Amino acid sequence: MSTLRKQAQDLLVAQLTDRGLDVEAIKTRLRNQVIETPSWGYANSGTRFGAFRQPGAAGSIAEKIADAGQVHKFTGVAPKVAMHVLWDLPNDEALASVPAAAAEAGVSIGSINPNVFQDQAYKLGSLCSPFAGVRKQAVDHCLESIEIGRQVDSKVLSMWLADGTSFPGQDDLIDRKHRLLDSLRTLYDALPADMTMLIEYKFFEPAFYATDLPDWGMSMLMCQKLGAQAKVLVDLGHHAQGVNIEQIVANLIDEDMLGGFHFNNRKYADDDLTVASTNPYEFFLIYNELAAAEERPNAPHIEYMIDQSHNIKSKIAEMIQTVMNIQTAYAKAMLVDRGALKAAQLAGDVQGAELCLVSAYETDVRPLVGLVREEMGLDPEPLKAFAASGYQAKVDAERANRVDAGGLGQ
Ligand code: PSV
Ligand code: MN
């Protein structure tokens with residue numbers, strides 16, 4: 001190990017200890033972090049305007065799982081991969097290949113994502129469609145997804161609907177809400193006892209007048225009506241500009257309603273950019289709420305998932321960068337002096353309270369995270385180590401010029 005790196009680690013550990021922080025406890029929490037990466041992030045996918053194909057993009061689910069295994073191999077904290085049923089499992093052989101591919105890659109299957117937004121039948125909605133036959137088609141697909149989840153030992157059914165209306169008067173808003181609840185209830189009743197249903201909201205797109213699950217309020221309402229196995233999923237890209245996401249997160253935690261995240265970064269809309277690439281302080285503030293909740297009794301169980309599809313960055317390296325950004329935010333959030341923060345808040349010391357957060361945020365945690373990686377037997381610099389491994393060059397050569405690279409059907 002380089003002497004300079006060791007010195008930086010020793011100095012930071014000494015500084016943090018001096019601030020009264022339990023560095024060993026922080027390191028344990030960093031080691032135990034679990035981040036799920038998305039199968040679709042390894043495939044050729046892009047924006048609705050087009051996808052720029054990459055020679056090494058994964059095609060089959062086995063390849064996607066293998067790529068996810070690389071992210072875990074170099075970061076040590078990404079042991080799960082999410083599957084999107086329609087994109088990943090075109091036939092029974094694909095499903096049959098999953099257990100061996102997962103075992104080989106050293107990962108397990110995380111959330112199962114049904115797809116009730118691409119079939120032609122869903123033009124006017126899926127679970128909320130005005131047509132009973134279409135609702136049944138969507139419900140049946142989700143029931144099949146639950147069964148697939150059972151087969152691959154997934155514990156999470158992750159529901160996102162493209163449902164909504166694009167014109168005033170197109171459908172009755174309350175009828176749609178009732179259809180939504182009825183359909184969700186059929187699915188909820190079919191959940192195995194150890195499976196959670198996550199309900200994701202999005203304030204617009206592809207419907208532009210009224211989205212059926214537009215915000216955390218509607219997701220939470222559905223969850224509350226369904227029962228304790230239903231929780232809200234917060235996708236960072238699904239809010240209007242200026243929305244205070246950390247406040248939503250704090251309130252959902254307080255209500256025991258936060259079940260999971262889709263990490264990405266929205267600059268304008270659902271852009272799927274690298275999380276924290278333009279707004280690291282906002283992301284830190286979100287993690288500040290999460291880290292604080294972990295420190296309370298009855299800490300919530302939250303699924304941390306990435307939902308990013310990259311069009312111009314190299315996919316596996318980008319996923320590693322994303323995981324590193326998440327580790328950084330988490331590490332910084334654990335440095336907040338919560339006692340001092342509370343004291344400043346109760347004293348009405350506005351600036352002092354803010355500076356408690358700023359001081360944690362401005363700490364360079366790279367030596368700490370690098371130390372944790374070394375203690376896990378990993379290279380402290382995952383991106384460099386991945387580049388040096390030759391994996392990307394290998395899959396670029398093996399997979400180049402194929403036409404079957406799966407993804408968002410673009
Ligand atoms: C929809 O925009 C979404 O956030 C849902 O989670 C989908 O499953 C995912 O993106 C597809 O990339
Ligand atoms: Mn999402």
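**View 1. Trp-87 sits in helix 4 (residues 85-88).** Helices here are DSSP runs of H or I with at least four residues, strands are E runs of at least two, and both are numbered from the N terminus. This is a predicted model, in which local features need pLDDT of at least 70 and side-chain atom pairs count only at pLDDT 80 or more, while totals for chains, interfaces and linings use all residues. Residues are numbered from 1 along each chain as its sequence is written, chains are lettered from A and ligands numbered from 1 in the order in which they are written, and side-chain values use heavy atoms, with hydrogens and water left out. With 15% relative accessibility, Trp-87 counts as buried (under 20% relative accessible area; exposed is over 50%, partly exposed in between; 1.4 Å probe, protein chains only). Look for the side chain of Gln-118, which makes a polar contact of 2.8 Å with the side chain of Trp-87. Such a contact is a pair of N or O atoms within 3.5 Å; within protein, one must be able to donate a hydrogen and the other to accept it, and residues adjacent in sequence count only if both atoms are side-chain atoms.

**View 2. Four residues hold the manganese ion (ligand 2): Glu-200 (OE), Asp-235 (OD), His-262 (ND1) and Asp-307 (OD).** These protein donors lie 2.1 to 2.2 Å from the ion. Donors are N, O and S atoms within 2.8 Å of the metal (3.2 Å for Na, K and Ca); water is not among the atoms, so sites may look incomplete. Along the sequence, the donor residues follow the spacing E-x34-D-x26-H-x44-D. Glu-200 belongs to strand 6 (residues 196-200) and Asp-235 to strand 8 (residues 230-235), so this pair ties together parts that are 35 residues apart in sequence. Both Glu-200 and Asp-235 are buried.

**View 3. A cis peptide bond links Glu-205 to Pro-206.** The omega angle of this bond is about 0°. You will find Pro-206 in the loop between strand 6 and strand 7 (210-211), and Glu-205 is in the loop between those strands too. Glu-205 is not a glycine, yet it has a positive phi of about 70°. Its relative accessible area is 12%, so Glu-205 is buried.

**View 4. Asp-153 has a positive phi of about 65° although it is not a glycine.** This residue lies in the loop between helix 6 (132-151) and strand 4 (156-159). Asp-153 is exposed, with a relative accessible area of 51%.
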